[in-house]
Amino acid sequence: MHVLVLGGTTEARRLAEALADAPAGGRRVRVTSSLAGRVAAPRLPPGEVRVGGFGGAGGLAEWLREHRVDALVDATHPFAATMSRNAAEAAAQVHVPLLALRRPGWVARDGDRWHSAGTLAEAAGLLPALGARVFLTTGRMGLAAFAGADLDALWFLVRSVDAPEPPGPARMHVLLDRGPFTLDGEREVIRRHRIDVLVTKDSGGDATAPKLTAAREAGIPVVVVRRPPVPEGVPVAATPEEAVAWLRGRP
Ligand code: NAP
């Protein structure tokens, strides 16, 4: 059984590890993990790894056919909407079963001051009314949304794995770092940089959740960018274990 895992997330790596350790349904599983190639030095999963785009849905469909893929798991980040759409299209074209592996989104707790935004641009629009020193944790892609002249008075602490490229906020400091992050570390970032508003995608998961606790403790508002929907008709697993169970159930 050949499984292609579209990766770039902790869950994708965990799934590849789980399949390497305990083959689905007693059958030998060949796992290929696919990475977009955005991160210079990614953490690699066990099994085969391929890097780079497929060339749209058509290219992915061709790849699935050529490499005799029996099941496709879209374990990309919840915000990698183009790849998820392409996966749904390609799987339908070549009749390969598709599962989306999506960690659950975060849920607000007592004391949280969350503001919901549909897009990065909408998040940027909310900022002037909320604070002046922004901790921006939405990643290095999409920083152009925060480049507008209306945000020139704001200062941004931009945290990303690799250095961002312009366009971006007029006044910013870049903090190169990669999760998981600790609560103490996040408290210190907010204190040292006198952060008064946090911006995050609703990525979910534990690795980057401590910033939400630190923001709650500090009493600062958080702009949470909502997830794009999973393509219609695609079944969803919340954990790598659920994905393994789904693969076990394949004929
Ligand atoms: P995207 O906008 O949905 O995808 C853009 C293009 O990148 C796709 O059309 C595809 O190119 C290629 N691509 C994306 N994921 C791929 C994968 N796993 N393997 C091969 N090609 C891939 O994606 P994105 O938001 O830029 O995310 C890129 C990668 O970073 C994903 O693997 C994702 O899991 C990871 N990531 C994203 C975020 C985020 O916030 N978006 C956060 C953490 C990690 P072709 O059309 O040429 O096939």
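Me: What kind of model is it, and what pLDDT do local features need?
Reply: Predicted; local features need pLDDT of at least 70, side-chain atom pairs count only at 80 or more, and totals for chains, interfaces and linings use all residues. Residues are numbered from 1 along each chain as its sequence is written, and side-chain values use heavy atoms, with hydrogens and water left out.

Me: How is the protein divided?
Reply: Into domain 1 (2-104 + 228-248) and domain 2 (114-225). The bounds come from an automatic or database domain assignment.

Me: How many residues are in contact across the two?
Reply: 11 of domain 1 with 13 of domain 2. Contact means heavy atoms within 4.5 Å.

Me: And what area do they bury?
Reply: About 870 Å², 48% of it on carbon and sulfur atoms. That is accessible area (1.4 Å probe) lost on putting the two parts together, summed over both. In domain 1, Arg38, Arg43 and Phe79 lose the most, together 52% of what that side buries.

Me: New topic. How many aromatic pairs are in the whole structure?
Reply: Two. Rings of Phe, Tyr and Trp (its six-membered ring) pair with centres within 6.5 Å; planes under 30 degrees apart are stacked, over 60 edge-to-face, the rest tilted. Phe54 and Trp63 are edge-to-face, at 5.9 Å centre to centre and 80° between the planes.

Me: Which is the other pair?
Reply: Phe146 and Phe156: their centres are 5.9 Å apart and their planes at 65°, so this pair is edge-to-face.
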